[in-house]
Amino acid sequence: MSEPAPTSPKASPLASTVGRLAHAIGAEHYPNGDRAALRRWAPGQPLPLAFYRLWLRQIDADLPAEAATQAWMQLAWSLATLGAEAHTPGRPWGQALAESGFAEGRLERLLSAPDDVRPDLFMAAVRFLAAKGERFDLTEAARFLLTTDADKREAVHRRIAQAFYRHLPKND
């Protein structure tokens, strides 16, 4: 088993888990076949064995709750799709979206999407950022995917929108 990713002593459990996943998937010795299996996955498909192997060997914890497993798989897919240095703690997801030219209408659809559409819109946003070579704090993406409480979800959306509009290029 590899060494876990270094985390700051103040890191939340969520940030720590995201950091460990990012470190594992981005590691030079991580199997290319597993990385490719994570990238090929799509919502509605069975989870690849690569996800279970990743979680049980690299996170070294029980599998996530069944209700959260799809969200964690989407996050693993994101890390595999974005590349080795994708996770950049401290760089807001909204900032990456704004600076890459992500359309406001697409952000609105993403943040207001019903549960059955969220995964597809999330994955489209990640593909967009991957094509632009953008990096961001994937802990925010994890919060977006894992938060089910309506009030907490709205707080996540507010943080994403705030970073987006703060970093959106000004029109002269």
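Contact here means heavy atoms within 4.5 Å. The structure described is a predicted model, in which local features need pLDDT of at least 70 and side-chain atom pairs count only at pLDDT 80 or more, while totals for chains, interfaces and linings use all residues. Residues are numbered from 1 along each chain as its sequence is written, and side-chain values use heavy atoms, with hydrogens and water left out.

The protein chain has nine helices and zero strands, where helices (H or I, at least four residues) and strands (E, at least two) are DSSP runs numbered from the N terminus. The radius of gyration, taken over C-alpha atoms, is compared with a globule rule of 2.2 Å times the number of residues to the power 0.38. For 172 residues a compact globule would have a value near 16 Å, and the protein chain agrees because its own radius of gyration is 16 Å. Along the principal axes, the C-alpha atoms fill a box of roughly 55 × 30 × 30 Å. Of the contacts with a separation of 6 or more, 71% are between residues 24 or more positions apart.

Buried residues (under 20% relative accessible area, 1.4 Å probe, protein chains only) make up 47% of the 172 residues. The accessible surface, from the Shrake-Rupley method with a 1.4 Å probe, comes to about 9300 Å², and carbon and sulfur atoms account for 50% of that. Lys and Arg count as positive and Asp and Glu as negative, with His and the chain ends not counted; each charge is placed at NZ of Lys, CZ of Arg, CG of Asp or CD of Glu. On this basis, the mean positions of the 21 positive and 20 negative charges are 3 Å apart.

Arg91 sits in the loop between helix H4 (66–82) and helix H5 (93–99), and counts as buried because its relative accessible area is 17%. Not counting residues up to four places away in sequence, Arg91 touches Ala96, Glu99, Glu134, Arg135, Phe136 and Asp137.

His157 belongs to helix H9 (residues 150–167) and is buried, with a relative accessible area of 8%. Leaving aside neighbours within four places in sequence, His157 is in contact with Leu111, Arg118 and Phe144.

How values were computed:
Buried < 20%, exposed > 50% of the residue type's maximum accessible area, 1.4 Å probe, protein only.
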